[in-house]
Amino acid sequence: MIALVWLVPAFPLAAFLVCGLFGRRWLRQATGWIASAAVGASAVVALGVLAEVMGGAERTVVPLYRWIAVGDFSVDVAALVDPLSAVMLVVVTVVSFLIFVYSNGYMAHDHGIHRFFAWLSLFVFAMLILVMADNYLLMFVGWEGVGLCSYLLIGFWFERPEPYYAAKKAFVMNRIGDWGYTIGIITVFLVFGSMNFLDVFRRLEESAPAQGALTLICLALFFGATGKSAQLPLYSWLPDAMEGPTPVSALIHAATMVTSGVYLVARSMPLFAAAGSALAVVALVGTITAIFAATIALVQFDIKRVMAYSTVSQLGYMFLALGVGAPAAAIFHLVTHAFFKALLFLGSGSVIHAMNNEQDMRRMGGLRAKLPVTYWTMVIAGGALAALPPLAGFWSKDEIVGAALTNGYPLLGAVGLLTGGLTAFYITRALWLVFHGQPREPHLYEHAHESRRVMTIPLLALAAGAVLAGAIGIPPDQGFIHSFLAPSVETGATEQAPPLATILTIALGSVVVSVLGIVVSLSMYARGRPDPAAVARAAEGYYRVLVNKYYVDELYDHRFVDAARAFAGAAWAFDIHVIDGLANRFGWALVMGGTVLRRVQTGIVGNYALTIVAGLLFVLFAYGGYAAGVFGR
Amino acid sequence: MIVPLGAYIAVSAALFFIGCAGVLVRRNAVVILMCVELMLNAANLALVAFSRKYGAVDERGSVFVVFVFVIAAAEVAVGLAIVLSAYRNRAVIDVDEIHQMSG
Amino acid sequence: MRFDFVEPLVFAVLSLGVIAAGAAVVLINRITAAALLMAFTFLCMAGMFVLLGAETIAAFQVLIYVGAITVLILYGVMFTKYGDRPYALFFQRQTPLAVVFVASVGIPVALFSFTFTSGTPSPGGGDLPQLATSVFTDFAFPFEVASVLLLAAMVGAIVLTKREGREETPR
């Protein structure tokens, strides 16, 4: 099956071509089923690959063809099949399949449905390329491809202005990150002479290059990762990306594209481990982002924005794990997060669909009775997010916090713990506002109805994943996934498993913090003690800052966008006045010259005859002068 | 005393440049044509003089003169035709008045 | 008695006639007078040809120039009316410039021509045999071309002056 690994991206690519070329006229609604079938087939092959890798297959490179061969520089289109990429393949294809099935219901009434599935299929293709690549350059192809599809899909409903602006913002911020990525891979080539992962890691072992170069590479790559994975400072595109259809938010901005940054760092672990300070930066940025985003999520009223900031926060956790030397924990959390966050988004989509595209939670309420399946699956997902045992999120998040505390980062670990509490608080708040209490908009409530089966079945499937996925990581640090991933993400540092008592203590601590968050949240929103509005009034300054998302968007707009606009204005002025001016003056000079020279053509024959005689005069004198030696022989 | 060759050439030159001045100075188109004929005559004289005054007679100069006659006749005929049709159009014979082809 | 003063004398008279008449053509305002003076120039020119011993050429000169071309010019004068204008010469804009140019070229050339000093006497006998032989043997082709040229000029002159739109003759 490993030899067939190229079928995995081939199916979505074929789906993209079919839906794109034939979707508008002939296939229409059928595009959804075709695309879903294609991704389903990919999932089957991916599972087969995973089974074979689990069965003990060696790390394999499956080449397709030689892409670039110029002098010393050669890059192949080849797939690297090892535990890490096998896990990613399965996660991407399985979650994508469920979301594709769901989208058949959600996008059924949209007139652009063929476009949706074409681009979604292209996205899956690009993501798979990213995950399967055996070198940085091919990965970059996938990297750019997912960025492009993100732009296309965020701006899917481009008839309205907001999606268009959001798509542009996402793409530009991605691009800024890509600049970092490009610098990183160019430096990799300059230092190691190759862009191939295996070559680079081998040469890293053989000859230790300069620390400075390594740190540069790692920081540049991480900067690219912050763009893709929405960490500080390039995170603000993700909440705006919620303008896209909910399945897009679920797939791209929860489960797959935003995890490519995590995957990049995990894949480059040998490099990061060798450049010591880079990992510290990763951990720090991840932690700060985690708590930063969690605080904003506390006060948002748009249900999708709550989920978006939650995603940013959880990604911060993954980077924290990578930074403290627990990459297996990061990938573990990536897997569990894919399930429960996708579920949260799809459930939100179900709610939005039921409430006739209303997204403001203040107008919802009491939907528990109307949307039972959605409610229960979202409760499961919310519990996983809040890291309640025995749901999947508990195992993965607890491991991250534990790794931070035991690997010598107590402060980061404590912040992670605190953020866990905030997470529990905001997700409880969101669920309560949507599903419990009195319906705040009666006529919207009247028309709410549960979604069709094509939408609820994926919810149930994802819920099962949210419950069971934790099993691969039990017990902490010694579970299946740790040993499985070890060859891929080895850092070269041997770790001792912490004593059982420590593990239990940390686990207990995180559960307590989560429960505390839930209790406080329920107390505020269910009982009104203290009343949320009163709290907001009392801490008005802080509240306003949080609601306005720390004014980051305004800051960026003022510092960067205005500067860019000024520069563009200056360049435009230069173009108009200097360059065009030069061209215009030149043309004017020619015209003037013509106007002057035209006066020679008087039309009077006598003048022309005179000119002939004058010419004769000139010739005769010239000849005479030459003959007389005046001009020298 | 023999008339030197140079005298003939001098006469030819003088007549040629008189004709040239006439072409440049006169405004009546017919008169311009007359002055052109003067110039052609001067050329003929020079040709014949040179053909007869360098030892043996070189009849090629005379042959050339015959052809110059032909050309001159053809030229004056066509020239007058042009002048007449231009006159028919605009009833002016003054070449200074005909300047529609100015730039 | 030595009569070898005759040739230079005749030459002097003829050349005077040529130049004076030529100048008159340029300077005189009345066109008809100018045309007739042009004919006189041609006649004097014919005389000079005879003096050079080219009688055939002289005959041709009289036939073609004095005979045909003068008549053509007179036709031209007849069909065009030159309005009463002030004396043309001094109101021509390019007169001064033209005079300067022409004089500055013409006078040196004329003076230079006096450097040709060989004065071979004209051989006796006509030039007709040699001329005829040359024209019809060595230069037969140019001769034919010249005749075609004449034909073309004739046709061209007719085409140029043809009146368009012939009126219907009343029936």
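Figure 1. Leu343(A) touches Thr377(A), Ala381(A), Leu459(A), Leu462(A), Ala463(A) and Ala466(A), with residues up to four places away in sequence not counted. Two residues are in contact if their C-beta atoms, placed from the backbone, lie within 7 Å. The model is predicted: local features need pLDDT of at least 70 and side-chain atom pairs count only at pLDDT 80 or more, while totals for chains, interfaces and linings use all residues. Residues are numbered from 1 along each chain as its sequence is written, and chains are lettered from A and ligands numbered from 1 in the order in which they are written. In the largest nonpolar core, which has 207 residues, those that touch the most other members are Leu89(A), Phe123(A), Ala321(A), Ala342(A), Leu343(A) and Ala466(A). A second, separate core has 82 residues, including Ile9(B), Val25(B), Val31(B) and Val18(C). A nonpolar core is a set of buried Ala, Val, Leu, Ile, Met, Phe, Trp, Tyr and Cys residues joined through C-beta atoms within 7 Å. A residue is buried if 20 or more other C-beta atoms, placed from the backbone, lie within 10 Å of its own, exposed if 12 or fewer do, and partly exposed in between.

**Figure 2. Val262(A) in helix H11 of chain A.** Helix H11 of chain A covers residues 260-267. Helices (H or I, at least four residues) and strands (E, at least two) are DSSP runs, numbered from the N terminus. Val262(A) counts as buried because it has 27 C-beta neighbours inside 10 Å. Leaving aside neighbours within four places in sequence, the contacts of Val262(A) are Ser229(A), Leu315(A), Met318(A), Phe319(A), Leu322(A), Ala330(A) and Leu334(A). Val262(A) and Ser229(A) stand 33 residues apart in sequence, with their C-alpha atoms 7.3 Å apart.

**Figure 3. Phe192(A) in helix H6 of chain A.** Helix H6 of chain A spans residues 161-192 and contains Phe192(A). Phe192(A) is buried because 20 other C-beta atoms lie within 10 Å. Apart from neighbours within four places in sequence, Phe192(A) is in contact with Asp199(A), Val200(A) and Arg203(A). From Phe192(A) to Arg203(A) the separation is 11 residues in sequence and 6.7 Å between C-alpha atoms.

**Figure 4. The hairpin of strands E1 and E2 of chain A.** E1(A) (residues 60-70) and E2(A) (residues 73-81) run antiparallel and are joined by nine bridges. Two strands pair if DSSP finds at least two bridges between them. Ala69(A) has Ser74(A) of E2(A) as its bridge partner. Two residues lie between the strands of the hairpin, where Gly71(A) takes a positive phi near 60°. Of the 11 residues of E1(A), zero are buried, so the strand lies largely in the open.

**Figure 5. Chain B and its helix H3.** Chain B has three helices and zero strands, in the order α-α-α from the N terminus on. Of its 103 residues, 64% count as buried. Among contacts in chain B with a separation of 6 or more, 51% join residues 24 or more positions apart. H3(B) has 32 residues and reaches 47 Å from its first C-alpha to its last, close to the 46 Å expected at 1.5 Å a residue; the expected span is 1.5 Å times one less than the number of residues. Just after H3(B), Ala91(B) has a positive phi of about 55°.

**Figure 6. The contact between chains B and C.** In this interface, 63 residues of chain B are in contact with 75 residues of chain C. Helices H1 (5-25), H2 (29-52) and H3 (59-90) of chain B each supply at least two residues of the side that touches chain C. H3(B) gives the most, with 22 residues. By class, this side of chain B has 48 nonpolar, eight polar and seven charged residues. Ala, Val, Leu, Ile, Met, Phe, Trp, Tyr, Cys and Pro count as nonpolar, Asp, Glu, Lys and Arg as charged, and the others, Gly among them, as polar.

**Figure 7. Chain C and its contact with chain A.** Chain C has seven helices and zero strands. Of its 171 residues, 27% count as buried. Seven residues of chain C are in contact with eight residues of chain A. The side of chain C that touches chain A has five nonpolar, two polar and no charged residues. Chain C has a mean pLDDT of 82, and 81% of its residues reach 70 or more; pLDDT is the predictor's confidence in each residue, from 0 to 100. For the complex, the predictor gives an ipTM of 0.88 and a pTM of 0.70.
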